[in-house]
Amino acid sequence: MKKTDQEIKQAARDLSALGASKGGKARAARLTPQQRQDIARGAAEKRWEANRQADGQLPMATHVGILDLAGLQIPCAVLGDGRRVLSQRGVYRTFGSDVAPGGRGRGRTIEGEGKLPRFFSSDRLIPFIPDELSMRLIAPIVYVGRGPRGGSSIAHGIEARLIPDICEVWLKARDAGVLHHTQAHIAAMADVLMRALAHTGIIALVDEATGYQQDRARDELQKILAAYIAEELRPWVKVFPHSFFEQAFRLYGWEYREGGTKRPPVLGHFINRTIYERLPRPVLPELRRLNPVVDGRRRHKHHQYLTETIGIPHLDTQVQTVTTLMRASISLPEFWKLLRRVCPVAGDQTDLSLPDEAEE
């Protein structure tokens, strides 16, 4: 089909935008319509990527480092959205390819999708590559990284959690006996990597290499406290029903009178152990900080500092659970045994002889 001058000019402009020589117009005239369409799409994607960077839409690397995997040094990063990525170039080299990402030598084309990395271009590997893995490798993560001199630059990465999956493709092909002898060293490297990390270990390794593990703990702590601790003190409302205290008194062998306000000091310790310590670990220390003991007692009830949306509903559920377990128990030891099974918590103890102020 004869190409119009307009089509030739447009293709030449797209080639020029991609770094083509001044002979782009002549080259464009020899392209098929599909080739011209692919070039135009590629140019559009590059313009779109540039626009995303200008608009601040690309994820930023908040932490960067060098990951040491079985002696291999691979640049890595943690993005602002929490994704852990490895340098695409570093992954290429790990699996026996020095080809720059996006450059010449990219691997096999998946019809209608794009190209796999060169280390997956062998026909011998294709049957072992899951569709989800191929789609993720065809579309690497583009983000704003940090340059060697401290400036920012566009970087391409591969999700860290995909490394075990990549290794598994090579190992399955090796086990099936389909690899060429020249590919044996890559399969051996995949074996070494799989032994050096587990599926659950790669994230921790990246966090350690980038220094993100310290910030991660702080971020997660703040998220928990923001969900459970209210910004303002709530008015007092009754959250511990009479049945809770009735069953607690029964297990301790105390006489219970409904409406009575005097309760043994050990009951506060019991409430801490059965209720507040079963909320996320940081919650009780924060409640104690916000509601300290003054002149031998706390001025407010701990639950007045919990949020209506998450803190109080979790507290209510825990109170109901503990009340049910107390009803089902004949003795205090039996209750603690049931509680450990239903609501386990680290460092659980049965010695409740130490007095503490009531927290209800």
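User: Which residue takes a positive phi in the hairpin of β2 and β3?

Analyst: That's Gly82, with a phi near 95°. Bear in mind that this is a predicted model. The hairpin has 4 residues between its strands.

User: What makes β2 and β3 a strand pair?

Analyst: Pairing takes at least two bridges, and 3 bridges join β2 (residues 72-79) to β3 (residues 84-87). So they count as paired, given that cut-off of at least two. The two strands run antiparallel, and Ala77 stands opposite Val85 in β3.

User: Why is Thr274 called buried?

Analyst: Buried means under 20% relative accessible area. Thr274 has 0% relative accessibility, so it counts as buried. Thr274 is found in helix α11 (residues 266-274). Leaving aside residues up to four places away in sequence, it touches Phe244, Gln318, Val322, Phe335, Trp336 and Leu339.

User: Why do the buried residues of α14 count as being on the same side?

Analyst: The residues in question are Leu332, Phe335, Trp336, Leu338 and Leu339, in helix α14 (residues 332-342). They cover an arc of only 165° around the axis, which puts them on the same side of α14. As a rule, an α-helix has 3.6 residues a turn, so residues three or four places apart point the same way.

User: What does that buried side pack against, and which exposed residues does the face turned away from it carry?

Analyst: The buried residues of α14 pack against α10 (242-252), α11 and α13 (311-327). The face turned away carries the exposed residues Pro333, Lys337 and Arg341.

User: How many aromatic pairs does the structure hold?

Analyst: It holds 11 aromatic pairs.

User: Why is the pair of Phe240 and Phe245 called tilted?

Analyst: Their centres are 6.1 Å apart, and the cut-off for a pair is within 6.5 Å. The planes make an angle of 40°; under 30 degrees would be stacked and over 60 edge-to-face, so the label is tilted. Phe240 and Phe245 are both buried.

User: And what makes Phe244 and Phe245 edge-to-face?

Analyst: Here the angle between the planes is 90°, and the label needs over 60. Phe244 is buried, as is Phe245.

User: Which residues form the aromatic cluster?

Analyst: One cluster is formed by Phe240, Phe244, Phe245, Phe249, Tyr252, Trp254, Tyr256, Phe270, Phe335 and Trp336. Phe335 and Trp336 are also among the buried residues of α14, and Thr274 touches Phe244, Phe335 and Trp336, among others.

Key: Residues are numbered from 1 along each chain as its sequence is written. This is a predicted model: local features need pLDDT of at least 70, side-chain atom pairs count only at pLDDT 80 or more; totals for chains, interfaces and linings use all residues. Side-chain values use heavy atoms; hydrogens and water are left out. Rings of Phe, Tyr and Trp (its six-membered ring) pair if their centres lie within 6.5 Å; planes under 30 degrees apart count as stacked, over 60 as edge-to-face and the rest as tilted. Buried means under 20% relative accessible area, exposed over 50%, partly exposed in between (1.4 Å probe, protein chains only). Contact means heavy atoms within 4.5 Å. The arc is that of the directions from the helix axis to the C-beta atoms.
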